[in-house]
Amino acid sequence: MQNIGLLAIVVYVVSVHVRVAVGAGCVSPNTCITVSACAVKGGTSQPGLCPGSANIQCCKVTTGAVTEPIYTRLADLADILRNAGLNVVEEPGWKTRGHGPMSSVKGILIHHTAGAATRDFPSLAVVRDGRPDLAGPLSQLGLGRSGTWYVIAAGLSYHAGKTINDSIYGNANSIGIEAEGTGVPADTTGHKYWPEVQWQSYVQGVKALQAAYGVPTAQVLGHREAASPAGRKSDPNFSMDEFRAALG
């Protein structure tokens with residue numbers, strides 16, 4: 001009887017261990033945000049459940065007896081980029097700007113503005129406020145020629161249009177980055193028409209976003225790659241194969 005009882009205890013302990021191990025992890029990669037951003041949302045940070053730095057933790061917010069993951073607004077964007085050692089400018093009102101909530105962050109879309117040839121980020125007003133035919137914000141993030149990041153919106157932004165898979169690359173499920181560039185010539189080999197400091201900052205910033213939101217490199221696409229039908233978009237005018245290789 002003692003042996004049977006001991007065996008039962010061992011089986012129970014192993015069973016509990018297996019259930020805990022299988023259940024370990026954050027509810028979704030999209031709830032892995034900085035501790036400070038979680039606190040702003042009134043959530044509780046849980047360490048040890050998310051990849052990346054120790055400051056990126058699983059954030060849960062409790063309403064009554066129900067605990068729900070936070071998806072709605074990407075209020076940690078500035079912190080993510082700044083913690084990666086990048087120069088960041090926060091556009092006033094960015095934390096409440098957007099066309100409603102995000103559903104998830106499964107993809108990252110790489111754009112260029114096709115804007116003016118001078119100044120750091122002359123397309124800021126258009127990206128933030130939109131065009132006559134399309135209301136802003138047109139992306140969550142902008143990238144200037146100097147390598148400076150502009151944080152524009154925490155909510156859904158109209159940057160993608162119809163894509164090859166809206167559940168990954170559509171506006172509700174992807175972060176859009178508009179990097180300042182004229183877009184000419186329409187070359188997709190290397191990045192010789194881009195300032196090196198800007199291109200390197202692009203790589204570093206996207207790496208940081210991937211780590212924070214759990215986005216695989218295979219789901220970092222240029223707009224021209226994600227747009228549907230094929231040929232609808234031409235941006236960016238640099239090699240996405242080279243870009244993804246730099247992401248590692």
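In which loop does Arg119 lie? Arg119 belongs to the loop between strand 6 and helix 4, where helices (H or I, at least four residues) and strands (E, at least two) are DSSP runs numbered from the N terminus. The model is predicted, so that local features need pLDDT of at least 70 and side-chain atom pairs count only at pLDDT 80 or more, while totals for chains, interfaces and linings use all residues. Residues are numbered from 1 along each chain as its sequence is written, and side-chain values use heavy atoms, with hydrogens and water left out.

The chain as a whole contains eight helices and twelve strands. Of its 248 residues, 46% are buried; buried means under 20% relative accessible area, exposed over 50%, and partly exposed in between (1.4 Å probe, protein chains only). Among contacts (heavy atoms within 4.5 Å) between residues at least 6 apart in sequence, 67% join residues at least 24 apart.

Most residues other than glycine have a negative phi, and most peptide bonds are trans. Phi of Ala114, however, is positive, near 60°, and that of Arg119 is positive as well, near 75°. Ala114 counts as exposed because its relative accessibility is 51%, and Arg119 is exposed with a relative accessible area of 60%.

Two cis peptide bonds may be considered next. One joins Val184 and Pro185, with omega about -5°; Pro185 lies in the loop between strand 11 (174-179) and helix 6. Another runs from Asp235 to Pro236, with omega near 0°, and Pro236 is placed in the loop between helix 7 (223-226) and helix 8.

Helix 6 (residues 196-213) and helix 8 (residues 240-247) pack against each other at an angle of about 55°, their axes being 9 Å apart. Axes are lines fitted to C-alpha atoms, for helices over the stretch in contact, and angles run from 0 to 180 degrees between N-to-C directions. The two helices are therefore oblique to each other; angles under 35 degrees count as roughly parallel, over 145 as roughly antiparallel, 65 to 115 as roughly perpendicular and the rest as oblique. Helix 6 contributes Trp199, Tyr202, Val203, Val206, Lys207 and Gln210 to the contact, and helix 8 contributes Glu242, Phe243, Ala246 and Leu247.

His159 is situated in the loop between strand 10 (149-151) and helix 5 (166-169). This residue counts as buried because its relative accessibility is 5%. The side chain of His159 makes a polar contact with the side chain of His111 at 3.1 Å; a polar contact is a pair of N or O atoms within 3.5 Å, in which, within protein, one must be able to donate a hydrogen and the other to accept it, and residues adjacent in sequence count only if both atoms are side-chain atoms. A polar atom of the His159 side chain also lies 3.4 Å from the backbone nitrogen of Gly176. Beyond its neighbours within four places in sequence, His159 is in contact with residues including Leu109, Leu138, Asn171 and His223.

Ser45, in strand 2 (residues 44-46), counts as partly exposed at 22% relative accessibility. Leaving out residues up to four places away in sequence, Ser45 touches Val35, Cys38, Gln57 and Cys58.
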